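Grab your viewer and work through them one at a time.

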There are 2 protein chains.
Amino acid sequence: MSVSTTEDAIAGQILALERAALDRWGRGDPGGYLEINAPTLSYFDPFQEHRIDGLAALTELYDRFRGKIKVERDEIINSRVQVIGEAAILTFRFVSHGSEGSMRWNCTEVYQNFDGDWKIVHMHWSLPRAAATT
Amino acid sequence: MSVSTTEDAIAGQILALERAALDRWGRGDPGGYLEINAPTLSYFDPFQEHRIDGLAALTELYDRFRGKIKVERDEIINSRVQVIGEAAILTFRFVSHGSEGSMRWNCTEVYQNFDGDWKIVHMHWSLPRAAATT
């Protein structure tokens, strides 16, 4: 396989993992993300005062959302995967409509290949401001 | 060298690159960042409607800030570097005080080692909201 074919295959695999985790999230089940996060992960979202380090801390946070979030519809926009050896950077914009209202996000997920299993080692979700506020 | 010694050395190298780019940024010179960005980079900041892809597009954006930003003082808080082969994920919180007022940021930079030169292949800067808004 050429490099680009391999990269396309990795991109497809990673997007499928992300989509499956998002689908569970939208049904109030954070387990989809927790199951594909590596123990060493680092995590930013706009509502935490500090970076979250480690799966135990993320589990504690995400358990609070269990059963509470309902996403009616959402969309991954303009996804891109950059592969660097055993690391892959997934970036996309995301829109969701549901129990939290309508939200627009910027999202970065860095995956690492552990013996064939891709796991998330870094997540950064953020809320962009309207360009007009610059 | 042990793995952790190597990782510590990489972390030190990457933090020095970031600090140097920030110092130039704070003097109105975006060139520090542009010089260490790889052509393939992906980029999110809260004021762009879309992800920026590629160094040419980032150069166009950053050239608008040339000479216009003055940071009086700033601080990298709680930095962490996760090394995955030729990739390294730098995360930190950042506070700056200057021409744009006082700002707090969450920051992710993914560096890639190109034959010994670490370059940025992904940047994600975001503005956290107060925890009270959750």
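**Exercise 1.** Work out how many salt bridges the rule finds across the interface of chain B and chain A, and check the one between B:D53 and A:R80.

*Solution.* Keep in mind that this is a predicted model. Start with the count: the rule picks out two salt bridges across the interface of chain B and chain A. Next, take the pair B:D53 and A:R80, whose side chains sit at 2.5 Å, N to O. The cut-off is 4 Å for a Lys or Arg side-chain nitrogen and an Asp or Glu carboxyl oxygen, so the pair passes. Then widen the search to polar contacts: 26 residue pairs turn up between chain B and chain A, with both residues at pLDDT 80 or more. As for what chain B brings to its side, strands 1 (37-44), 3 (71-84), 4 (87-98), 5 (101-114) and 6 (117-126) each supply at least two residues. Sorted by type, that side of chain B has 14 nonpolar, 15 polar and eight charged residues.

**Exercise 2.** What kind of axis relates chain B to chain A?

*Solution.* Superposing chain B on chain A takes a rotation of 180° with 0.0 Å of shift along the axis, at RMSD 0.0 Å. That is how a two-fold axis relates copies. The residue of chain B closest to the axis is B:S126, its C-alpha at 3.0 Å. Finally, both copies use the same surface: 100% of chain B's contact residues recur in chain A.

Methods:
Residues numbered from 1 in each chain as written. Chains lettered and ligands numbered in written order. Predicted model: local features only at pLDDT ≥ 70, side-chain atom pairs only at ≥ 80, totals over all residues. Heavy atoms only, no water. Polar contact = N/O pair within 3.5 Å; in protein donor to acceptor, adjacent residues only side chain to side chain. Helix = DSSP H or I, 4+ residues; strand = E, 2+ residues; numbered from the N terminus. Nonpolar A, V, L, I, M, F, W, Y, C, P; charged D, E, K, R; others polar. Least-squares fit on C-alpha atoms with pLDDT ≥ 70 in both. Contact = heavy atoms within 4.5 Å.
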